[in-house]
Amino acid sequence: MKLYHDSRSLDCRAPFGAVRCGDIVRLRVYCQGRPRAVNAVITLNNQPYTIPLQPDGRDGYELRFAAPATPRLLWYYFAAVMENGQTEYLGNARDGLGGVGETYASAPPSFQLTVYARDYAPPAFLREGVMYQIFPDRFCRSRAPRYTREDIYLHENWDEAPLALFDPRNGDTHSRDFFGGDLQGIISKLDYLQSLHVTVLYLNPIFLARSNHRYDTGDYTRIDPMLGTQADLTRLCEEAAKRGMRVLLDGVFNHTGDDSLYFNRYGRYDSVGAYQSPDSPYAGWFTFERFPDKYKCWWGVDTLPEVNKDNEDYRRFILAEDGVARRWMRAGTAGWRLDVADELPMRFLRDLRTAVRTQDAQAALLGEVWEDASNKVSYGAQRCYCLGDTLDSVMNYPLRKAAIGFVTGTLDAYAFCRMVESLRENYPLPFFYSLMNLMGSHDRARLLNVLAGETWEQVDPLERGGCRLSDAQRALAIRRLAEMWKLYAALPGMPSVYYGDEAGMEGAADPFCRFPYPWGREDAQVMTITREALALRASRPILRRGALQLHPIDRDTVRIRRFAYAGCDVFGEPLDDAEFEINVHAIHA
């Protein structure tokens with residue numbers, strides 16, 4: 001290689017990773033021979049600038065510059081005119097994950113440099129915390145189930161399997177049966193959650209809706225009466241706070257339900273909905289191609305009409321002082337997890353952040369983004385959610401994918417480390433340490449099934465509820481789970497437990513990843529693995545705030561080291577916890 005640059009080596013690029021506005025950045029590239037000229041091509045606001053590098057007195061060429069004064073992404077590669085007059089290019093590796101660059105014959109893929117706001121500070125409770133995700137209908141019920149509607153099936157037996165009930169409107173097979181879990185039930189289990197060292201409760205939607213998942217909001221101002229009342233939510237927040245916990249609600253602001261106060265497709269509400277009349281006060285919230293039955297909806301699902309987030313009336317409804325976002329924070333909540341955050345306009349996200357931070361300076365916005373949140377391309381535009389003006393954290397799906405791949409042996413240790421280091425390089429340090437490090441979720445088959453490699457895709461969807469892992473499959477999955485918990489306990493970010501994963505629950509993709517919690521029938525071995533990992537993390541500040549070093553020992557072994565810099569954590573605060581080191585292993589079938 002005639003040119004060399006490693007974006008993760010402090011000799012080639014300093015400081016490491018993302019930088020703050022105004023920081024001095026040094027880039028260095030090494031060249032064989034005596035090139036006629038070495039240039040950096042830096043792209044800013046889609047405009048490339050060619051800047052000459054200066055010899056450093058050795059065999060390198062160097063450039064120093066101040067990062068822009070406003071947050072943004074920079075991109076760069078190198079072009080060297082060699083002695084023979086040919087131009088050699090050095091750019092990002094072909095997998096796009098940074099690190100040691102590769103040479104190209106023409107303009108190459110660029111290295112990324114994230115420039116974030118100097119005062120960017122996600123609330124500390126994220127990086128210090130452990131999250132527990134609750135699907136409210138399926139966690140715990142405090143009373144015998146009560147019918148509040150005639151168009152649903154209500155399970156009297158808590159231990160039954162979810163039903164695949166066909167909805168003739170849209171073919172949905174898993175939204176109309178309920179188990180009756182409620183807010184009072186969650187309150188009754190707070191001591192249990194405290195024993196797991198949980199500090200953040202993330203609740204899937206709780207507002208009035210037609211479905212059991214409640215992502216089809218019917219009324220943003222009313223808690224679904226099957227779950228309880230606003231007084232119940234306030235009490236939940238108060239009781240959680242006594243145990244050192246905060247509550248995050250699920251904000252579904254991209255779309256509503258068609259059976260909602262605002263759209264009112266079936267006339268269930270007294271209001272005049274957008275579906276009923278162009279003169280409805282909500283008509284401007286939605287986009288009709290042909291009134292009333294052809295309208296913009298989420299991913300073509302006509303029961304989820306999409307909201308126009310630029311409509312000023314809708315913006316006021318969500319963002320104003322008396323709007324939805326701040327109203328429910330005044331009830332005691334600590335912020336929002338945002339459904340399909342990458343489908344919300346950046347302006348809406350920025351104004352939402354301003355609204356919630358005005359209500360509470362320590363409020364959190366956590367977004368559903370499935371890819372690298374620093375360079376996500378959404379609707380044809382590249383978006384960065386970690387510059388300090390929108391989100392505090394995202395669901396760390398890239399880590400989940402990499403971790404599952406590694407512990408199951410389908411991704412080697414070298415590739416795993418490259419994937420994690422790419423995130424660490426692209427994300428601002430305070431963002432990287434605040435990530436929601438999820439293992440399971442309501443959108444995927446249960447973790448044990450994924451780790452066993454058995455999600456019953458070959459089984460008729462209506463029959464999957466009765467499927468169970470074999471003893472051998474379950475034993476393999478638990479061994480892999482133990483290794484995965486080593487990763488999640490030792491890596492920066494907030495470990496997140498999807499309700500029931502700690503109890504060893506199984507299940508295919510939804511609705512079968514949404515079985516009721518098996519109170520009294522928990523798997524003791526899985527529970528012990530989870531408790532020990534979370535207890536370790538809670539007892540060791542260095543696992544929450546220490547510096548990180550990842551090293552692949554061989555294809556099947558990753559070493560994680562956490563340590564302090566001169567007695568300080570990565571945020572410059574004193575840290576007297578001793579360094580920590582652990583090896584994590586792939587478990588092949």
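Predicted model: local features only at pLDDT ≥ 70, side-chain atom pairs only at ≥ 80, totals over all residues.
**Helix pair H9 and H10**
- Two packed helices are described by the angle between their axes and the distance between the axes.
- On the H9 side, the contact is made by Pro398, Leu399, Ala402, Ala403 and Phe406.
- H10 contributes Ala413, Phe416, Met419, Val420 and Leu423 to the contact.
- By class, the contact of H9 with H10 comprises 10 nonpolar residues, with no polar and no charged residues.

**Sheet S29-S30-S31**
- Strands of a sheet pair through backbone hydrogen bonds, either parallel or antiparallel.
- Here, 3 strands form an open sheet in the order S29-S30-S31, and the pairing is antiparallel.
- Strand S29 (547-554) and S31 are the edge strands, each pairing on one side only.
- Neighbouring strands of this sheet are turned by 20° against each other on average, direction ignored.
- S30 and S31 are joined by 6 bridges, and threonine 557 stands opposite histidine 585 in S31.

**Proline 574**
- The loop between strand S30 (557-563) and strand S31 (580-585) contains proline 574.
- Proline 574 has a relative accessible area of 64%, and it is therefore exposed, the cut-off being over 50%.
- Proline 574 and alanine 564 are separated by 10 residues in sequence and by 8.8 Å in space, C-alpha to C-alpha.
- Apart from its neighbours within four places in sequence, proline 574 is in contact with Arg545, Gly567 and Cys568.

**Backbone features in loops**
- Most residues other than glycine have a negative phi, and most peptide bonds are trans.
- Alanine 14 and proline 15 are joined by a cis peptide bond with omega of about 0°; proline 15 is placed in the loop between strand S2 (13-14) and strand S3 (19-20).
- A cis peptide bond also joins aspartate 510 and proline 511, with omega of about 15°; proline 511 lies in the loop between strand S28 (494-498) and helix H14 (524-539).
- Asparagine 46, in the loop between strand S5 (37-44) and strand S6 (47-52), has a positive phi of about 65° and counts as exposed at 76% relative accessibility.
- Tyrosine 379, in the loop between strand S24 (376-378) and strand S25 (381-383), has a positive phi of about 55° and counts as exposed at 59% relative accessibility.

Key
Residues numbered from 1 in each chain as written. Heavy atoms only, no water. Helix = DSSP H or I, 4+ residues; strand = E, 2+ residues; numbered from the N terminus. Buried < 20%, exposed > 50% of the residue type's maximum accessible area, 1.4 Å probe, protein only. Contact = heavy atoms within 4.5 Å. Nonpolar A, V, L, I, M, F, W, Y, C, P; charged D, E, K, R; others polar. Pairing = 2+ DSSP bridges. Axes fitted to C-alpha atoms, helices over the stretch in contact; angles between N-to-C directions.
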